[in-house]
Amino acid sequence: MPKPFTPKVITANALLEGDVIYLADNGWTRQLAQAEVFTDEAHADLRMIEAAAQTGEVVGVYLADVTLEGSTPVPTHFREDFRARGPSNYAHGKQEQF
Amino acid sequence: MYHYTDFDDAFLKERNAQFRAQVERRIDGSLTEDEFKPLRLMNGLYLQLHAYMLRVAIPYGTLNSRQMDTLAMIADKWDKGYGHFTTRQNIQYNWPELRDVPDMLDALAAVNMHAIQTSGNTIRNVTADHFAGAAADEVADPRPVAELIRQWSTDHPEFQFLPRKFKVAVTGAKADRAVIKAHDIGLRIVKRDAEIGYEVVIGGGLGRTPMIGKVLYDFVSSEDLLPTLEAIVSVYNLLGRRDNKYKARIKITVHENGIEDIRARVDARYALIRDQFTGVDQQMLARIEADFAQPSFRKADVTPFHNTYQHDPLFRSWADTNLAAHRNPDYAIVSISLKAHGKTPGDATSRQMRLMAQIAKRYGHDELRISHEQNVILPHVHKGDLPSVYYALKAEGLGTANIGLISDIIACPGMDYCALATARSIPIAQEIATRFDELKLEHEVGPLKIKISGCINACGHHHVGHIGILGLDRAGVENYQITLGGDGTEDAAIGERAGPGFSAEEIIPAVERIVLAYLDLRNDPAEEFLQTFRRLGLAPFKAALYPEAPAQKVRENAA
């Protein structure tokens, strides 16, 4: 029996800065909260193809699992949590902006 | 210090120009990421979890003040105002932007530095004893031969695509401060009769299959060293496994073939290539040795040291902990701790880097070293200057008196930065240091090395920590395994796994239980942690670690 498709976002690193980025409705965002959330596998696959083709802007595109708190995506794995917030030893990553 | 020749300067300029063009071609779309990645890695540029990371070579950990100032300038101009010193005696910048990297490399080249072979399946930055040229117990300074090996290995056409990365470490003393037995090749300078030569150890390494290196030759003459190294790496290049990344290091090659078989192959290869080494390398070595001439030590009053030692207990504590014996009794080797309690091990701000450069220039014959334990060394400081050095360091947060103690922790970047990591290392190190500072037990516990890795690759050397901590991902949760009894010295040993791992919340109390058990178990305060462990074995520490668990259960879980 195929594994049920759980909510996901598309993430990558920006080519120039290396920043963690997420695919949003209208391009890439640095905020996970603004990411487009995929609950339909076919739609996610289609958007992955589009995202991975943007080789002049992004590096290492992949799908990351999230859960939804209301409509806000939240990482399910601690690695994605750090990618979304920045390193935990100094407040000098993305957490500076929150 | 080694001084670059015109050839060295031209080589770096050409190499940097080449990389600048490659970066431009990646940005304008002429190169794909697949095409660009091996090129950036050949220049020390990784893409990590949150940003690019540039790893800069500090060959054998030696720097002068101008170079340290440049590292500070780079941190301010192109990064976030700090750098991270690593167990390979390198510095890493965690936040560079791709288009700035060629400028960073040019700035490094201006002070005879580079990032070549700090990545990739090639011979990496050669490391050495951080007390080189100063230690009282030294047979000879290991840096000239380390520089010779750097020159021999840099862009060596045969060794750019080895089965895996290849690490060489050199020590010139019997006391091994370079962890040579955990390297692909470890060299120890030895004296036979009056002749200086090298004990050659191969096949050591940590990672998922930790192994202690084996002696390939107990004495290789200076003239035969490079041909021997060439023969070893050639044999590995041919024989090393390329079918499985996890079995590709030379430690596996040695393990699978046996040291006798490898020795026979190296002997055969050596016989074939020996004539290609016509003695030019020995002329180069002589020139390099002249560059590493000892500074002219001065005669001066050491009374200020003794007076301050008597009257300032903080200075006394620092002196007792952070100074090592220099070959000149009027001098000391100063270890500057980059492990202030609660801070990130190995990090230095640009202000701190500049201060260390100033101190080195004024009091330290313009020499600095980076240790594999992620601290900074001033190898030659006159004892009369030590109070001034200490108070200057203290004012900038660099006066922590903890070298070799429980808070002097090696920690890899872990999942806070590294794309390969499976758990965090730094916060665990920060919490352990803070906990034992609060308990005021650090000095009572005495010498104890804790080493933490955030994944099985063991960049934090946890296998050779007296207490080793390995961070793993267990079903989406950070989990930390403990090993005990590891040792990175001349008596090198791989630590024994203690049992089931601990969560991030449980690991600090677990370490505390081990340390309190040691305080109970030791014969007297002079018996160090490792001695107690070797006398009693794992059992009493395991009992302290898992007080609730029946012995059988512990055994099952550890299996």
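The questions and answers below go through a predicted model, beginning with chain A and then turning to chain B.

Visitor: In what order do the strands of the open sheet in chain A lie, and which of them stand at the edges?

Guide: The open sheet of chain A has 5 strands, and their pairing is antiparallel. Their order is β3-β2-β1-β4-β5. Because β3 (27-29) and β5 (72-75) of chain A each have a single partner strand, one side of each is left without a neighbour in the sheet, and the strands at the edges are therefore β3 and β5 of chain A.

Visitor: By how much are neighbouring strands of this sheet turned against each other on average?

Guide: If direction is ignored, neighbouring strands of this sheet are turned against each other, on average, by 50°.
Helix α1 (residues 41-52) of chain A packs on the sheet, where this helix touches β1 (8-14), β2 (20-24), β3 and β4 of chain A. The direction of the helix makes an angle with that of β4(A) of about 145°. The value asked for, between neighbouring strands, is 50°.

Visitor: Which residue of β5(A) is the bridge partner of Val66(A)?

Guide: Strand β4 (residues 58-69) of chain A runs antiparallel to β5(A), and 4 bridges join the two. Within this pairing, the residue of β5(A) that partners Val66(A) is Pro75(A).

Visitor: How much area do chain A and chain B bury between them?

Guide: The contact between the chains involves 23 residues of chain A and 32 residues of chain B. By the rule applied, 0 salt bridges are found across this interface. Carbon and sulfur atoms account for 57% of the buried area, and the area itself is about 2200 Å².

Visitor: Which strand of chain A do the buried residues of helix α2 of chain B pack against?

Guide: In helix α2 (residues 33-41) of chain B, the buried residues are Glu33(B), Phe36(B), Arg40(B) and Leu41(B). Seen down the axis of α2(B), these buried residues fall within an arc of 125°, so they line one face of the helix. They pack against α1 (6-27), β1 (45-47) and β2 (52-56) of chain B, together with a strand of chain A, namely β4.

Visitor: Which residue forms a salt bridge with Arg40(B)?

Guide: Side chains of opposite charge can pair when their charged atoms come close. Arg40(B) is buried, as is its partner, and the closest N and O atoms of the pair are 2.9 Å apart. The partner of Arg40(B) is Glu33(B).

Visitor: Which residue forms a salt bridge with Arg177(B)?

Guide: Arg177(B), in the loop between β7 (168-171) and β8 (185-192) of chain B, is linked to a residue in the loop between β6 (127-128) and α5 (143-153) of chain B, 48 residues apart. The closest N and O atoms are 2.9 Å apart, and the partner is Asp129(B).

Visitor: Which residue of β19(B) is the bridge partner of Ile469(B)?

Guide: Strand β18 (residues 467-474) of chain B has 6 of its 8 residues buried, so this strand is largely enclosed by the rest of the structure. β18(B) pairs in the parallel sense with strand β17 (residues 450-453) of chain B over 4 bridges, and in the antiparallel sense with strand β19 (residues 477-484) of chain B over 8 bridges. β18(B) and β19(B) form a hairpin with 2 residues between them, and Ala475(B) in the turn has a positive phi of about 55°. In β19(B), the bridge partner of Ile469(B) is Ile482(B).

How values were computed: Residues numbered from 1 in each chain as written. Chains lettered and ligands numbered in written order. Predicted model: local features only at pLDDT ≥ 70, side-chain atom pairs only at ≥ 80, totals over all residues. Heavy atoms only, no water. Pairing = 2+ DSSP bridges. Axes fitted to C-alpha atoms, helices over the stretch in contact; angles between N-to-C directions. Contact = heavy atoms within 4.5 Å. Buried < 20%, exposed > 50% of the residue type's maximum accessible area, 1.4 Å probe, protein only. Arc of directions from axis to C-beta. Buried area = accessible area lost by both parts, 1.4 Å probe. Salt bridge = Lys/Arg side-chain N within 4 Å of Asp/Glu carboxyl O.
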